[in-house]
Amino acid sequence: MTALPAPPSKLPATLWSLAASAVVLACIAFLDVDWAGLLGLPAATWEYGALMFGDPTWDKLPRALFETWRSISMAWLGAIGCVVVSIPLGMLAAGGVGPAWLRYGLRGVFAVIRAVPEVIIALILLTVTGLTPFTGALALAIAGIGTQAKWTYETIESLDDGAAEAVAAAGGGRAAALRWALWPAALPTLLSFALYRFELNIRMSAVLGLVGAGGVGQMLANYTNFREWGTVGMLLIVVIVATMLVDTVSGAIRRRIMEGAPSRGMDRSR
Amino acid sequence: MTLAVPPRPRTWPRTLVVLAALAGLTVLTCLPAIGGVELDFASIAKNWRHGATKLAQLAQPDLRFLPRTWVPMLETVQMAIIGAVAAAVVSVPLTLWAARPTNPNTPTRTIVRTVINVIRSVPDLVYATILVALVGVGALPGLLTLFLFDIGVVVKLVSEAIDSDRHPYLEASRAAGATQLQANRALALPQTLPLFANQWLYALELNVRISAILGIVGAGGIGRLLNERFGFYAYDDVSVIILEILVVVILIEVLSNLLRRRLT
């Protein structure tokens, strides 16, 4: 009879978790936070929650809906701009498509764009296009390129090589492989990412409202500064409902793109 | 005998409808009368030099400013870590309650999911603005914002991943007579831990990025300094801060990739 092998040592795992806990505890100990404020938070949340949602002021609803559509428009146009630029650039940055110098150059540019906060991009654009929603849409388009292009080249690189090899074997060049092998295989994922960009932009457009690009975010920030809690409550309800609506519709379309049509009349589980 | 090629499926009518819908939506978003965006490309052609000047100024970082950024940057990293860890702790039970295989009880699952969706649909800077009004200026509203944001991301993504997987081991545990709590504790949790770890690290990366903007509304960290220098038109300092954020984000990405390989 063979003896059971000795259980693997748990020492490294223990040391790692001890080190991680030490880092976290040090962070908590050395961060200059007014922890006592946390104790007052439930009472404050209750008080302001009652002010906001106890009796929301509905007379500014038409204005709120107008601004919400402005936010959605910024998000939509920003997503279009972002996708139109990042798909070709992302494809060029994928391994095996463009030359190496172009690939690393483009990836560097994407990394820099990812590190620059959207607000900074918006503040630079303000000097060109002014305090308009157009600035917001442009800022969303440019700020999104970093991540969107990264997703694009990661998608292309994770594709199966088989189809591209088949095109090459049939005598096609790089452009032919891109058009007939990589593009159709990557299209559903890229479309789904494009819709996801739209959903992200909806949230981001509120941020741009704070620097004056317009939209429901700006209105919300203004009324928070005016301490008009009834209107803030109404705006929050509008933002939450609008975002959830967009998420639901866009999510349903994304699932339809990625998983295909539901089978009709052939579902055996029923 | 020759084999007949099957006819090509007719997909162009559907493509046409989809394209028309997209074009219609785009047109609606360009109508200023109903709140759409007024496309003003002429102003770019007219004023692009202003932006180019700003970019040129940004391209000349003044590294002498670097020592003044250490303390706020450290505060940002601390906020990011504490927010991510607190969210990680809270996200475990919430996620297991929000996924069908680990919580077959429909009413409680729907409640948890609805709450998470509501939390997710409020933009992070809106949380920060309101929390600054509630608890005052400082790192605390920033921390709470990161915490709420991370919970939304982690619970949503992990519970959807659990939902879409098959879970034969949970069936086995039920056949062996385990309660749902026992099965979750002994099987579902260790099985899904890599999924969790992935999203926790992702939340940490996002936190550093977000805290760059939280300072604008007074929620602490490097963003406050960034906003202040921008207000003084000190673009050489601003670009130092942006470069520093870039370095920290890349460091955290490298570190979390290392941890990911170790954990999964």
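User: Which residues does B:Ala183 touch, not counting residues up to four places away in sequence?
Analyst: This is a predicted model, in which local features need pLDDT of at least 70, side-chain atom pairs count only at pLDDT 80 or more, and totals for chains, interfaces and linings use all residues. Residues are numbered from 1 along each chain as its sequence is written, while chains are lettered from A and ligands numbered from 1 in the order in which they are written. Two residues are in contact if their C-beta atoms, placed from the backbone, lie within 7 Å. With residues up to four places away in sequence left out, B:Ala183 touches B:Leu170, B:Ser173, B:Arg174, B:Ala178 and B:Ala188.

User: Is B:Ala183 buried or exposed?
Analyst: B:Ala183 sits in helix 8 of chain B; helices are DSSP runs of H or I with at least four residues, strands are runs of E with at least two, and both are numbered from the N terminus. A residue is buried with 20 or more other C-beta atoms within 10 Å of its own, exposed with 12 or fewer, and partly exposed in between, the C-beta atoms being placed from the backbone. B:Ala183 has 21 other C-beta atoms within 10 Å, so it counts as buried.

User: How far apart are the end C-alpha atoms of helix 4 of chain B?
Analyst: Helix 4 of chain B has 16 residues, 106-121. The expected span is 1.5 Å times one less than the number of residues. That should give 22 Å, and the end C-alpha atoms agree, being apart by 22 Å.

User: Which residues of helix 4 of chain B are exposed on the side opposite its buried residues?
Analyst: The buried residues of helix 4 of chain B are B:Val112, B:Ile116, B:Arg120 and B:Ser121. They cover an arc (of the directions from the helix axis to the C-beta atoms) of only 160 degrees, which means they lie on the same side of helix 4 of chain B. An α-helix has 3.6 residues a turn, so residues three or four places apart point the same way. Exposed on the other side of helix 4 of chain B are B:Pro107, B:Thr110 and B:Thr114.

User: Which helices do the buried residues of helix 4 of chain B pack against?
Analyst: The partners come from both chains. They are helix 3 (70-98) and helix 6 (139-164) of chain B, together with helix 10 (229-259) of chain A.

User: Which element gives the largest share of the side of chain B that touches chain A?
Analyst: Contacts join 50 residues of chain B to 56 residues of chain A. A share of 8 residues, the largest on this side of chain B, comes from helix 2 of chain B.

User: What is the radius of gyration of chain A?
Analyst: Chain A has 10 helices and 0 strands, and 38% of its 270 residues count as buried. Its C-alpha atoms fill a box of roughly 70 × 65 × 55 Å along the principal axes. The radius of gyration is taken over C-alpha atoms, and the globule rule is 2.2 Å times the number of residues to the power 0.38. A compact globule of 270 residues would be near 18 Å, but chain A has 25 Å.
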